[in-house]
Amino acid sequence: MSSLAFPLADPARRVADADREAIRAAPGFGQHFTDFMAHAQWREGEGWGSDEVIPFGPLQLSPAAAVLHYAQEIFEGLKAFRHEDGTVWTFRPEKNAERLQRSARRLALPELPTEDFIASLRAVVQADEPWVPSPAGEQSLYLRPFMFASEEFLGVRAAHGVDYYVIASPAGAYFPRGIQPLVVWISDSYARAGAGGTGAAKCGGNYASSMLGKKEAQANGADEVLFLDSETHTAIDELSGMNVVVITKDGRLQTPALTGSILEGVTRDSILQLAADRGLAPSEDRLVMSEVLDRIASGDIVEMFACGTAAVINPIGEFRSAVGSWTIGDGGPGEVTMSLREELTGIQYGRIEDRHGWLTQLV
Ligand code: COI
């Protein structure tokens, strides 16, 4: 039982059906938001309360709110999927709840219990049910829970006042080009996270530190940036917001081992399970970039992909750096990549049996 109920405050505040349908016809990613959001507050000594679902809209925040100065903030990303029978489900929400709790510990924020996290998702999706797209075209409702230090205080210490929200956004493909193979720029100037830092936490700061690398990537005609480990600058870490996976010629799946500076992706974890189910001998390894590039050139690595909740599974077609470029396989979407994508989305949209019990019904 959750202790927070998230009652709906003002059910009448909805956009017109025609406006919602116009957005749903071409949602893009992260550009449009629904009618409602969930909210709760935490106070030192009191715990969580003030839970409610309220109309989506601007926040009232003191300019001295600690988050604006010291970035004490964490977030999550997950999706609600409409099945053919009209029901709405989400995927492994307890994993996101646990990661939010780990992120909270790292950023010295309060932990939100798993059942309250799931209650907040259910409350928003029930209020925003008309926004959940039909399964055609693999659209979904992207859910973005986040928590931040709202206390008006400029001393540097863990905040005594924290706000939690869940906003929702109808989502199509994450990349503007759709599921096309990505060109990925290998950053030799920047790292995303360092040893002992916040790399494994899902906090805004990790994404802020990726932006300049991504700008550099785009200036070099690439879609994404790949960061190497900050200590030796040799091993693959992750992209700006996605984990990386390798498929070998002899049918093995490899992904960088979790080092503390890599985000523990729920999609990454699910792919490791699906790979084991189909005998792809998944392994979590230290993947040295120069060796990966040699293995691409020799044909030992035949496919690579990026994975995350937002992007799902997206093939990588080419790496680029200041010294050269490397095409993976024939540069097109790989067979194993696309079949893992089909299986994962098949489970999420209820087309394939949920044999691991990964789905939770929301509506
Ligand atoms: C996700 O896949 O949900 C992410 O967090 C990536 C990005 C949109 C931040």
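This is a predicted model: local features need pLDDT of at least 70, side-chain atom pairs count only at pLDDT 80 or more; totals for chains, interfaces and linings use all residues.
What volume does the largest pocket have?

1. **Volume of the largest pocket.** The volume of the largest pocket is about 700 Å³. Its lining comprises 35 residues, and those closest to the centre of the pocket are Tyr174, Tyr207, Gly241, Met242 and Ala310.

2. **Elements around the pocket.** Two or more residues of the lining of the largest pocket are supplied by each of strand S6 (140-149), helix H6 (211-219), H7 and strand S14 (301-308). The largest share belongs to H6, with 3 residues.

3. By residue class, the lining of the largest pocket divides into 16 nonpolar, 12 polar and 7 charged residues. At least three residues of this lining are drawn from each of domain 1 (17-171) and domain 2 (182-348).

4. **Domain arrangement.** The chain's domain assignment gives domain 1 (17-171) and domain 2 (182-348). Taken over C-alpha atoms, the centres of domain 1 and domain 2 are separated by 26 Å. Where the two domains meet, 21 residues of domain 1 are in contact with 22 residues of domain 2.

5. **The cavity.** The structure holds 1 cavity of 30 Å³ or more, and the largest cavity has a volume of about 110 Å³. Of the 14 residues that line the largest cavity, Lys79, Phe91, Thr267, Thr309 and Gln348 lie nearest its centre. Strand S4 (78-82), strand S5 (88-91), H7 and H9 each give two or more residues to this lining, and the largest share, 3 residues, comes from S4.

6. The lining of the largest cavity divides into 6 nonpolar, 7 polar and 1 charged residues.

7. **Packing of H7 and H9.** The axes of helix H7 (residues 266-277) and helix H9 (residues 335-348) come within 11 Å and cross at roughly 110°. Angles of 65 to 115 degrees count as roughly perpendicular, and H7 is therefore roughly perpendicular to H9. On H7 the contact is made by Thr267, Ser270, Ile271 and Leu274, and on H9 by Leu340, Glu343, Leu344 and Ile347. The residues of this contact divide into 5 nonpolar, 2 polar and 1 charged.

Conventions. Residues are numbered from 1 along each chain as its sequence is written. Side-chain values use heavy atoms; hydrogens and water are left out. Axes are lines fitted to C-alpha atoms, for helices over the stretch in contact, and angles run from 0 to 180 degrees between N-to-C directions. Helices (H or I, at least four residues) and strands (E, at least two) are DSSP runs, numbered from the N terminus. Angles under 35 degrees count as roughly parallel, over 145 as roughly antiparallel, 65 to 115 as roughly perpendicular and the rest as oblique. Contact means heavy atoms within 4.5 Å. Ala, Val, Leu, Ile, Met, Phe, Trp, Tyr, Cys and Pro count as nonpolar, Asp, Glu, Lys and Arg as charged, and the others, Gly among them, as polar. On a 1 Å grid over the protein atoms alone, a cavity is a set of points where a 1.4 Å probe fits but cannot get out, and a pocket is an open set with protein on both sides within 12 Å along at least five of seven lines; lining residues have an atom within 4 Å of a point. Grid points are joined across faces, edges and corners, and a volume is the space filled by probe spheres set on the points. Domain bounds come from an automatic or database domain assignment.
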